[in-house]
Each structure stands twice: as structure tokens, then as C-alpha cells.
Amino acid sequence: MRTSHITIKRQIADIRNKLTDEQLFASPRYSAYLTDIAEGATKRYKRNSKVIISWDPSENADIAFTDNRIIHLNAGNFLTRSFPTRSLRADSLIGLVGHECGHILFSDFTMLELYSQSLQNGRFYPKEPEAVSASLEKNLQEIKDYLQEKEEAVIRALSDISHSLVNIMEDVYIESRICAEFAGSFRTGILLNNLRFAEEMNTVQDEVNRQHHEVFIIMNLLIQYAKAGDINNLGGYKGPYLNVVYECIPYIDEAAYDDDARIRFNAANQLLLLLWPYMKSFIEQIKEDLENNTSQAQEDLGTQLAKGIPLPNGTGRAGKTDKNSSLLKHQESDDEEERARIQKVLDYEDGRMALEKTETINEEGDGGTEYENDFAGSGYVSQAEADMHRIMTQLAEDCVYSRYEEELTEELQQEAVKIRYGNAHQGIHVKVNRMSYVSPEYMEAYRQTAPPLLLLSIRLQKQVSQHLKDYKSGGKLDNLPMGKRINVRNAVHKDGRIFYKMNLPHDQADIAVAVLNDESGSMSSYDRITYARAASIILHDFCKCLEIPIAIYGHTEDYAVELYSYAEFDSLDNKDRYRLMDMSSRSGNRDGAAIRFVAERLLQRPEAVKLLFIISDGQPAAEEYYGTEAEADIRGIKQEYTRKGIRFIAAAIGSDKPNIHRIYGDCFLDITNLEKLPINLGKLIIRQIRNHIAA
């Protein structure tokens, strides 16, 4: 199968430009990219983390959450999708990952659980709130009476509201910490999300007009303040809700930047006193739900309260810090500058620059209306954009190469159908399997397994490379056992190798290699399949480094002859070495049919020297194909293709040598000791080159 590299590059560019957000952001590659970013932050504190991405664009879908190790990120969330450009959406996702990393590193999960459980059990933690006025004293007494009576509706309402209050302050705290520790893409993404979150929220008047529960109206205003440091009051609302918010803000400001989580819990308790008069309608809805076995209150909580990022689930400990509260508060002023800079970018990207009313145009001087549309010097440089382009290219490559591999598999299958396998395999179906998508697990397995084997490949390359160079460059080839020209100086060696030949230069190595691995169940014993895989890795690396065409196959039989294409002569995706990690012992083995398929593939090659390595335990065993008749079939196939120019080398492992010798004769190679493989295999390949030249 021939394909131009220019055509491949053109297809990659075309697919990259057509990738959707879902294809990009919900891909395994992007998940791995965000996992690398998350681990870069959390491993500093010896905490493991992983990012799992989903795509759910529904209205009430989650944004992100963590269980203290795994970060679940919905790339289709409403907040990220609201950004006008893909680069800003990429920054948004990094900001969400940074937020969850902040929870993993700096939230005290155990104390959060203790606070929640205490309130559900009818008591305040860590202490009862202080009533600094008569009205607050009245609120506190009412709450305590309800708690003492175990009033379920009140306890549920207090738990839900207090959880959201703690979430507001905890978010401010962990985001301040993460922005201070990682003042790069995390900080940019977090502030970007906060600005957009505040922009997407309703005005105070909108909240009132929608007749939301009063407590949720106030909570949403507090969320706006926590996210953006301001409240959306474009409608000019004046009323009690703003007054309550102004009373709550000092508690949020004081507690949100303190390293001690108990300060935030105390602040949440104080805020409950302030919000108590506005919780009545929510409590009544809970009572109605309890009576009618409905869940309207929870639905109201999910739809009326601004969609935020929930507190994490699980247990753990907060990360240690060398930052104190004053330093964190100082960070807030830096964030204001960053917010202003990002807001400038948002306005430009979204085309929301306000129209400026002018009366006259002054043709002299600098007066009039100034419109700036170039932000290149604003300092807004997104690393995520470059990374995103790289990942998009990789995804496009995966798509193109996967499509190419599927076409290659179809071509191999068509070739398999055309082959006449002989009477011994009449009516047998041959199926060719090739992995079009190579998962990261195979790549990691190769990286763990291959290094010592690649050292053996290097030794083999050193042994053979010079002979290949001589063959390519031409020159005098000496010490030959036969020929037309005699070098009298060689007579003193008395070994009969007295001839020499003047060799013409060759453009290529003129060698092609194919490897066929037995993957029958018996290969599982004595680590045979492990040796076969190791030898295949060495041969593959050796051939690729010396630009020798190589194909590697495995075979078994289970109702049909199953051929596994691990490496192909015309493969383009450079992942064949990873496919080798899928080699394993499986079922039976109908060697004759598999050998004939690979031999036919090798015959199509233009190279003069064609080497076929067969790695097997020498025991054919399939339905009605075993014993002496099966061995006779294999010997016949070997003789047939030897006459056609293919040179067989059967690899023996340990005690398999008698079986191999009985079937294939003397052309076998012992691969039991991999350390000796470079020497033995090198001698064999050199001998084949010499024999070809001598011929």
C-alpha cells in the first residue's frame, strides 16, 4: 500500500481544521495533557492526581469535581462553552483543573465532613455563632429550638445553605492559594472563569423578577462578589437583599483567606444567622416535599442557585503551606490587575466593546474616538493555545493514520483471500487483525520493557552495519569460499577462503525481513511468548535503524486462522513497536497457512535477500492439523518457498530445538539466551549477505 507523505500531511491539516470542540477536548490525548498539568502541581506535594474528561452540554450538567485524587471534568459545561474562541475555552478548562487541584492540595476534607455531619446532627461546629444584636439573638434562638426538636426540614435547609456558604469561601481560599503557587496558566484560567461566571449571572432585579427563593437570591449575590469582587446591579435595585449582602461581605473577606478552615466554618455559622429570615420559603418547600415525597426543593437548589463547582467528596488532609493569610490577601490586589487584563481580552474576543457617544470630530490632535484592536502587547500569551494546536495535530494524525491502517488491514485481508493454501488447509478461513488505534497503555508497556532489549539491538547494529555499508558502497569483498579471482595472500590461512570479488555499489541494503510468531497456548509455558516478543522487539528496532524493511506477524487458530499484523513494510504511523506489546499466547496453531501468508507477503518485496524468521515451539496443533502430517505440510511449504528465494530461519527456545530441527532442518537460531542473540543473529545475517554476493 503506497501513500505519499504529502498526501498524508494534507489530510492531517484538513482534519485538524475540522475538529470539533468535543473531538478535541473530550479526547484521551487532551485528558492526558490535563493530567500532566495536574500532576505537575500536585506531585510537588507528593499527591497523585488524574483528569478524566467527559462531554455533557446539558443545562444542569456538572462542571467539575474531585474525590481528592481523580478530577472529573465536563468539557462541555456551560461556562467553558460560553467563551467565544477555542483558545479561551482551553484556558477555561485549565482553570477548572487548577481549581480542583486547589481542593486536592489545600482543602481539609476531613474537617469539611465533620462540619457537615455536625450540623446534620443538630449542632454547630466548631462553635456556636455569636449574636451581636437583638435580631441576631432572636434568629439564633429560633435555630437552636428547631435543632433541639430535630426538625428535619430546618436541618436539611441549614445543611444545604451552610454547605454552599462554605463552598463560596473555600473556593476563594483554594483559588488564592493555587494562584499564588502557580501564577501561570492556572491563574489565568481561574480568573478567566470567575469573570465569565459573574458575567453570566443574573442582575439583582432579574433574580427578584424570577421569584426565586429569597435565600438563593442573596446567595447568588454573594457568589458574584466572591467570583468577581463585584455585584451585577445594572437594574439599579435598592432593597433589603443588598443590605444583607453588605452585612455578609466582611465575614467572607475575613474568612476566605485564612489557612484555618475552622475560621470559614465559624463565618458560615455567622452567615446562617444573617440569612435565617430569608430561608423560610425554602424550608416550607422542604416540608412540602417531605409530606408529598417529592424533591422540588432539591430541584430549586440545582436550578435557582448559581451553577458552581461543588466541594470535593472524600477524605484527606489539607496541603501544608508556608504562606500566611496576609500574603494571600496581598495576592488579591495582583488578581485585580490580572482580572482587568483578562477582561480586556474578553471584551475584544467577544466583540462587546461599548459604543462611545461623541458630539464632534476634531480633525487635529488626538481627540475623538479611539478604538484599540491590537492586544499583542498586553501580555496575554496563552500557552494553552500552542498546546491545543499541538494536540489537534496529534488527533488529526491519529485519525489519518487510523484510517490508513484500516485500509491496510482490508488490503491484507484481500491478499489473504487470494492465496491458495493447499489441500491441508482447504475450507479454512484466514482473518487478518491489525490494531488501527494504539492505546497509551501499549506505549507505556513498551517504554517499560524495551530499554534493555534496545541495547542488544545496538550491539547487533554495530556488528552488521559495516557489512551493509560495504555492500552499499561497493569495493573489494575478500575471503570468499568460491569465486573467479584468487588472492594469493589468503592461502596462508589454509581455510579455503582464498577468493575475492569486486562488488559494485548498491543503492539500498537489498534485504527484507519478515517474522512470524507462534501465539498458540503452548507458547505460554517456559516464557516462550516472552522470548518471542523480546526477539521481535530487537529485530524490529535493528531493521528500522538500518532502514531494512520488516514485517512482523503472530498467528493462532480459533475456528479460523487468526493472523495478527504487528509491523508492516508500508506502515506510516511509527507505532508498530508499540503493537508488539499485544503479542500473547492464545489458542491453537495452524502453522502451514500462516507461513504461506507471510511468505507470499515477502515474495512481493523487490529486495534480493528475503529472510523469514519463524519463532515457534515446533508443535503444530489445530483441529485436524497436528502430528506428522502437519509437520510434513510445513516442510513442503518451506521447500516450495525456498525454491522461490525465501531463506528460512527457525528460532528455537530451550528444549524446542529437537522439534525445530525435525521440521526445519539445520536453519535454526537459538534465542534462549538473548545476550548471545546479537552475535548469533549478526553472523547469520552477514552469512546471508555473503552468500547473496557470492551467488
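The side chains of K575 and D398 meet in a salt bridge, at 3.1 Å from N to O; a salt bridge here is a side-chain nitrogen of Lys or Arg within 4 Å of a carboxyl oxygen of Asp or Glu. K575 lies in the loop between β10 (561-567) and α21 (576-579) and D398 in helix α17, so the pair ties together parts that are 177 residues apart in sequence. Helices (H or I, at least four residues) and strands (E, at least two) are DSSP runs, numbered from the N terminus. The model is predicted: local features need pLDDT of at least 70, side-chain atom pairs count only at pLDDT 80 or more, and totals for chains, interfaces and linings use all residues. Residues are numbered from 1 along each chain as its sequence is written, and side-chain values use heavy atoms, with hydrogens and water left out.

K575 counts as buried at 13% relative accessibility, and D398 is buried with a relative accessible area of 16%. Buried means under 20% relative accessible area, exposed over 50%, and partly exposed in between, with a 1.4 Å probe and protein chains only. D398 also meets the side chain of R29 in a salt bridge, at 2.6 Å from N to O. D398 lies in helix α17 (residues 383-418) and R29 in helix α3 (residues 28-42), so this pair ties together parts that are 369 residues apart in sequence. R29 is partly exposed, with a relative accessible area of 28%.

Side chains of opposite charge can pair when their charged atoms come close. A search of the whole structure finds 35 salt bridges. E405, R434, D573, D576 and R579 are linked in a network of them. Another salt bridge joins the side chains of K18 and D14, at 3.4 Å from N to O. K18 and D14 are four residues apart in helix α1 (residues 5-18), so about one helical turn separates them. K18 is exposed, with a relative accessible area of 57%, while D14 is partly exposed at 38%.

The next topic is the sheet. Seven strands form an open sheet with mixed pairing, in the order β4-β10-β9-β8-β11-β14-β15. Its edge strands, each pairing on one side only, are β4 (430-433) and β15 (668-670). The twist averages 25° from one strand to the next. Two strands pair if DSSP finds at least two bridges between them. Strand β8 (residues 511-518) pairs with strand β9 (residues 550-557) in the parallel sense over six bridges, and V515 stands opposite I552 in β9. Helix α24 (residues 657-664) packs on the sheet, touching β11 (609-615), β14 (646-652) and β15, and its direction makes about 160° with that of β14. Contact means heavy atoms within 4.5 Å. Axes are lines fitted to C-alpha atoms, for helices over the stretch in contact, and angles run from 0 to 180 degrees between N-to-C directions.

β8 also pairs with β11 in the parallel sense, over seven bridges, with A514 opposite L612 in β11. On β14, the parallel pairing with β11 runs over six bridges, and F613 stands opposite I649 in β14. β11 is largely enclosed by the rest of the structure, because seven of its seven residues are buried. In a regular strand the side chains alternate between the two faces of the sheet. Both faces of β11 are covered: V609, L611, F613 and I615 are buried on one side, and K610, L612 and I614 on the other.

Helix packing involves α8. α8 and helix α11 (residues 214-228) pack at an angle of about 5°, with their axes 10 Å apart. That makes α8 roughly parallel to α11, a term for angles under 35 degrees; over 145 counts as roughly antiparallel, 65 to 115 as roughly perpendicular and the rest as oblique. Among the residues making the contact are I161, S164, L165 and I168 of α8 and F216, M219 and L222 of α11.

M219, in helix α11, is buried with a relative accessible area of 0%. Not counting residues up to four places away in sequence, M219 touches I161, S164, L165, I168, L275 and L305. M219 and L305 are 86 residues apart in sequence, and 7.3 Å apart in space from C-alpha to C-alpha.

S159 lies in helix α8 (residues 152-181) and is buried, with a relative accessible area of 12%. The side chain of S159 reaches the backbone oxygen of I155 at 2.8 Å. Not counting residues up to four places away in sequence, S159 touches L119 and Q120.

Technical notes
Polar contact = N/O pair within 3.5 Å; in protein donor to acceptor, adjacent residues only side chain to side chain.
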